[in-house]
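Have the sequence and the 3D view ready, and follow along.

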Amino acid sequence: MSSGDVRLVRILLVGDPQCGKTSIILALVGEEFPLSVPPRAEEITIPGDVTPEKVPTHIVDFSSQEQDETTLSEEIVKANVVCVMYDVTFEGAFDRVVSYWLPLIRNSTAGGLPKPVILAGNKCDLPYPVETQAQRVQELLNKFTEIETGLESSAKDMHNVSELFYFAQKAVLHPTAPLYAPTSKQ
Ligand code: GTP
Ligand code: MG
């Protein structure tokens, strides 16, 4: 299937508890930072005519409070793109992206096409080590070619909120990673 055949984009948000997944979904929908959020947002569909790419888009939240790892793997398989979110202010959050989230996505889709990933460092309204973070993201982009885009976001300041979902749509509709890598002739 070429990307031109995509009729509906399914975006899944994953990441460690409390990094802001539910908040950013509700910030997108409500156009402001939600002061209180449930563990998991209802699955929402954004009609094609209000998305930049004109393709209807499902946004799916994940919560380890309500869902187990088997469900998580099934959701990863069903998604067209996965946003891996982490809290930029939490020392160790980035290591979890490398040691847990990216390998889990690879394992869940083993044997199939690589699942495009958008990496989102959230809560960038708070103080955090900006330069160290940028360097580590760059290293990760080189190592994990399934990461289409890395960005920093803030649900609180409404920074890169719509952009996160736009980049996710774009990763599905206009992928830059090779979907087919032919074996070179011996
Ligand atoms: P789980 O459902 O437990 O996995 O957490 P989650 O990733 O959905 O995080 P949630 O949206 O529940 O947010 C966790 C806490 O972080 C809440 O107190 C939010 O108000 C806060 N929060 C979320 N996004 C931001 C942000 O961009 N900046 C700041 N300062 N706080 C945020
Ligand atoms: Mg949540």
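Leaving out residues up to four places away in sequence, T149 touches V117, I118, L119 and F167 (contact means heavy atoms within 4.5 Å). Keep in mind that this is a predicted model, where local features need pLDDT of at least 70, side-chain atom pairs count only at pLDDT 80 or more, and totals for chains, interfaces and linings use all residues. Residues are numbered from 1 along each chain as its sequence is written, chains are lettered from A and ligands numbered from 1 in the order in which they are written, and side-chain values use heavy atoms, with hydrogens and water left out.

**More on T149**
- T149 sits in strand β6 (residues 147-152); strands (E, at least two residues) and helices (H or I, at least four) are DSSP runs, numbered from the N terminus.
- With a relative accessible area of 17%, T149 is buried (buried means under 20%, exposed over 50%, partly exposed in between, with a 1.4 Å probe and protein chains only).

**The magnesium ion**
- T22 (OG1) and P39 (O) coordinate the magnesium ion (ligand 2) at 2.1 Å; donors are N, O and S atoms within 2.8 Å of the metal (3.2 Å for Na, K and Ca), and water is not among the atoms, so sites may look incomplete.
- T22 lies in helix α1 (residues 21-30) and P39 in the loop between α1 and β2 (44-46), so the pair ties together parts that are 17 residues apart in sequence.
- T22 counts as buried at 8% relative accessibility, while P39, at 36%, counts as partly exposed.
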